[in-house]
Amino acid sequence: MAGVGSAVRRLYLSAYNWVVFYGWAQVLYYAITALLGDGHEGVYAAVERPLQLAQTAAVMEILHGLVGLVRSPVTATLPQIGSRLFLTWGILWSFPETQSHILVSSLVISWSITEIIRYSFFGLKETLGFAPSWLLWLRYSTFMILYPTGIFSEVSLIYIALPYMKVPERYFLKMPNKWNFSFDYFYTCVIAIGVYIPGGPHMFTYMLAQRKKALSKAKTA
């Protein structure tokens, strides 16, 4: 029974990784096609649906960690996926004024290249039991460029969206109300920007440590 359970787990994770890989490959293809054709103003419209689907599918990774399907710590996975979902739905989708900004292009390209490498790496490991050394190197090296460009784009787009939050007061809850609770999305986003200041370097340092561990392990294998 243990063998059957292991086979089902690998089959499921293999299918999951390749499906999401395909979604991110679509995002990158549509982004580059739009960038070359219509310019950066048309990138978001071209990638909106596959971006939303591929990024939202990452919620499953939190569940995978919680139930023990993968060894990735939820404490590392949750903030990364949470911030991506916040940008995808809470900024880009919620505030169309941000969608034509050039930083959407850098955001989408940084995310999609990162995820194409990551999902193909894990897809091959689950399907074949191993991944080639060059893909291992890409998995643990490209973040040194793509993480800073992605983080810069994320923070900047949140900042760009701030003025548009005040006018319609979207996602605001004022008192008095039956819950006796108030919520201000504008200040929530300001706090989010503040969290990026220590959070970004912390995650970058964590990934550097993971890189050193993974590459040194590959050398001794």
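**Helix packing and related features**

The axes of helix 2 (residues 43–56) and helix 4 approach to within 10 Å and cross at roughly 145°. The model is predicted. Two packed helices are described by the angle between their axes and the distance between the axes. The points below apply that description to helix 4 and its contacts with helix 2, helix 5 and helix 8.

**Helix 2 with helix 4**

- The crossing in which helix 2 passes helix 4 is left-handed.
- From helix 2, the contact draws on Y44, E48, L51, Q52, Q55 and T56, while helix 4 supplies R84, L85, T88, W89, L92 and W93.
- Sorted by class, the contact of helix 2 with helix 4 comprises 6 nonpolar, 4 polar and 2 charged residues.

**Helix 4 with helix 5**

- Helix 5 covers residues 102–128, and the axes of helix 4 and helix 5 come within 13 Å, crossing at roughly 150°.
- Helix 4 is therefore roughly antiparallel to helix 5, since angles over 145 degrees count as roughly antiparallel.
- The crossing of helix 4 past helix 5 is left-handed.
- On the helix 4 side, R84, L87, T88 and L92 take part, and they meet V104, L107, W111, T114 and E115 of helix 5.
- The contact of helix 4 with helix 5 contains 5 nonpolar, 2 polar and 2 charged residues.

**Helix 4 with helix 8**

- Helix 4 spans residues 74–93 and helix 8 spans residues 185–220; their axes come within 11 Å and cross at roughly 140°.
- Helix 4 and helix 8 are therefore oblique to each other.
- Helix 4 passes helix 8 in a crossing that is left-handed.
- Residues A76, Q80, S83, F86, L87, G90 and I91 of helix 4 meet Y185, C189, A192, Y196, M203, Y206 and M207 of helix 8.
- This contact of helix 4 with helix 8 has 11 nonpolar and 3 polar residues, and no charged residues.

**Annotated transmembrane regions**

- An unreviewed UniProt entry carries the annotation "transmembrane region" for residues 12–32, 102–124, 145–165 and 185–209.
- Residues 12–32 are 100% helix and 0% strand in the model, with 31 Å between the end C-alpha atoms.
- Residues 185–209 are likewise 100% helix and 0% strand, and the end C-alpha atoms of this span lie 35 Å apart.

**Aromatic pairs**

- The structure contains 15 aromatic pairs.
- One of them joins W89 and W93 in an edge-to-face arrangement, at 5.6 Å centre to centre and with 70° between the planes.
- Both W89 and W93 belong to helix 4, where they are 4 residues apart, about one turn of the helix.

Key
Residues numbered from 1 in each chain as written. Predicted model: local features only at pLDDT ≥ 70, side-chain atom pairs only at ≥ 80, totals over all residues. Heavy atoms only, no water. Axes fitted to C-alpha atoms, helices over the stretch in contact; angles between N-to-C directions. Helix = DSSP H or I, 4+ residues; strand = E, 2+ residues; numbered from the N terminus. Parallel < 35°, antiparallel > 145°, perpendicular 65-115°, else oblique. Left-handed = near helix turned anticlockwise from the far one by under 90°. Contact = heavy atoms within 4.5 Å. Nonpolar A, V, L, I, M, F, W, Y, C, P; charged D, E, K, R; others polar. UniProt positions renumbered as here; feature names shortened; annotations may be inferred. Phe/Tyr/Trp six-rings, centres within 6.5 Å; stacked < 30°, edge-to-face > 60°.
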